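Hello,

Here is the structure we spoke about. Please open it alongside this message; my notes come after it.

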Amino acid sequence: MLSSISWKNVWRNRTRSMVVILAIMLGIAGGIFLLSFSWGMSVQRAQNRIETEISHIQIHHPQFKDDQEVKYLLASGETILQDIQNDARVKSATGRLIVGGMISSAKAGTGVRIQGVLPKTEAAVTQLPSKLMEGAYFEDVRRNPILIGQKLAEKLQVKLKSKVVLTFQDTQGEIVSGAFRIAGIFKTVSSQYDTREVFVRQSDLRKILNLEKGVHEIALLLQDSEEVDSFQNMLASGHPDALVEDWYTLAPDLRLFFESFEAVMQIFLLIIMLALAFGIINTMLMAILERRQELGMLMSIGMNRRKIFFMIMLETLFLSIVGGILGLLLGFSLVSIFGHIGIDLSGIEDSLEMLGMNPVVYPDIESSFYSRVALSVVLTAILSSLYPAYKALRLNPVEAVRAM
């Protein structure tokens, strides 16, 4: 009986109720969409870096990460790589020689990180051939082919088949150099990566370094990303003399975001719910002021204050639940639609490339988030109803009935 009366009371002033419901709906849907946009952008950024730069797990000599010197090799790197490639849990793995040096053309020069790669396994780990804008993947150039980024090509003012010179230190600390010819120009989502990294065949780099065996880095992707922790622990225990790191450790900026996203989400939800609470309280106080005579009459004919209290609470709950359900449906629909077609931000593509992000963002959010929003709406409605209900109880029946 009380719930039926409360439901009818909600719709006695349709305009006011619809405004409140619309505000709740848009507030919740907007919050869901903004959080899903932020999460989707960060997940894409992490995926880009895993596929292009850091992989799931990397293995180095313990001192190589700090000093980046050529002498810090994984002496048994080829054996470790072979064992990893034979593991069914591994999707792909590759070994690299990494040297810091200079790249020079006839018109300019700059510092780069030179990666000596195994073309076949490198392609499986980083999908580098698919990122080529011009040229071919270590083809069409017989001697010393090199792949460089589009931004670096512009900086050096070079094109396909142009000659560049790489200068770096060998294992003895001597300055050595080699002439390479550009076989391909690639472009990733990160302009910094495209300016910093160059790729040559490992065999060519070994000749210049006078190095027969050993690698500086082993990078691998797993079939299931959920197994990263367990596989890392297995590798670390099996190779105690090597430094084994997962992508969380290799990319502390990404780790910080994912670890703090829960707190950010809670703060964002709190702000939305506080805004909704003030709107609900204001609306219900106005409704009580308009219905002073009615409430006074109900008290005068014997309706106890407990029922008045719960009637106001139910009205608030009905308003919030209707707005909350519509908001969840709208938010879910927006995330589903734009999660499929994406949001094109190509107008600020240059800025996004500086951050290593795609120009098309696909919003996404965990399904458990919707239930948390629903629970937050119910709790907010209950708390928001307490003060208006209390004000209703403070009405004097005689004064309320006589009020104009």
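Predicted model: local features only at pLDDT ≥ 70, side-chain atom pairs only at ≥ 80, totals over all residues.

**Largest pocket**

The largest pocket holds about 510 Å³ of space. Its lining counts 14 residues. Nearest the centre are Ser225, Glu226, Trp247, Tyr248 and Phe258. Three helices each supply at least two lining residues: α2 (14-54), α9 (228-238) and α10 (247-250). Of these, α2 provides the largest share, with five residues. By type, the lining splits into eight nonpolar, three polar and three charged residues.

**Second largest pocket**

This one has a volume of about 260 Å³. It is lined by 15 residues. Ile54, Gln58, Arg113, Glu217 and Leu250 sit nearest its centre. At least two lining residues come from each of α2, β1 (57-60), α3 (64-67) and α7 (191-196). Here too α2 gives the most, at three residues. The lining of the second largest pocket has seven charged residues, five nonpolar and three polar.

**Asp170**

Look next at the loop between β6 (163-169) and β7 (175-186), where Asp170 is placed. Asp170 is buried, yet it has no salt bridge. How far away is the nearest side chain of opposite charge? That side chain belongs to Lys71, and the distance is 11 Å. What the side chain of Asp170 does reach is backbone. A polar atom of that side chain lies 2.9 Å from the backbone nitrogen of Gln172. The side chain of Asp170 also reaches the backbone nitrogen of Glu174, at 2.8 Å.

**Helix α8**

Why is α8 (residues 202-209) described as largely enclosed by the rest of the structure? Because six of its eight residues are buried. Buried here means under 20% relative accessible area. The six are Gln202, Asp204, Leu205, Arg206, Ile208 and Leu209. Just after α8 comes Asn210, with a positive phi of about 55°.

**To recap**

- Largest pocket: about 510 Å³, with eight nonpolar residues in its lining.
- Second largest pocket: about 260 Å³, with seven charged residues in its lining.
- Asp170: buried, no salt bridge, with side-chain contacts to the backbone nitrogens of Gln172 and Glu174.

Best regards

How values were computed:
Residues numbered from 1 in each chain as written. Heavy atoms only, no water. 1 Å grid on protein atoms, 1.4 Å probe; cavity = no way out; pocket = protein on both sides within 12 Å on 5 of 7 lines; lining within 4 Å. Points joined across faces, edges and corners; volume = space filled by probe spheres on them. Helix = DSSP H or I, 4+ residues; strand = E, 2+ residues; numbered from the N terminus. Nonpolar A, V, L, I, M, F, W, Y, C, P; charged D, E, K, R; others polar. Buried < 20%, exposed > 50% of the residue type's maximum accessible area, 1.4 Å probe, protein only. Lys, Arg positive; Asp, Glu negative; His and termini not counted. Salt bridge = Lys/Arg side-chain N within 4 Å of Asp/Glu carboxyl O. Polar contact = N/O pair within 3.5 Å; in protein donor to acceptor, adjacent residues only side chain to side chain.
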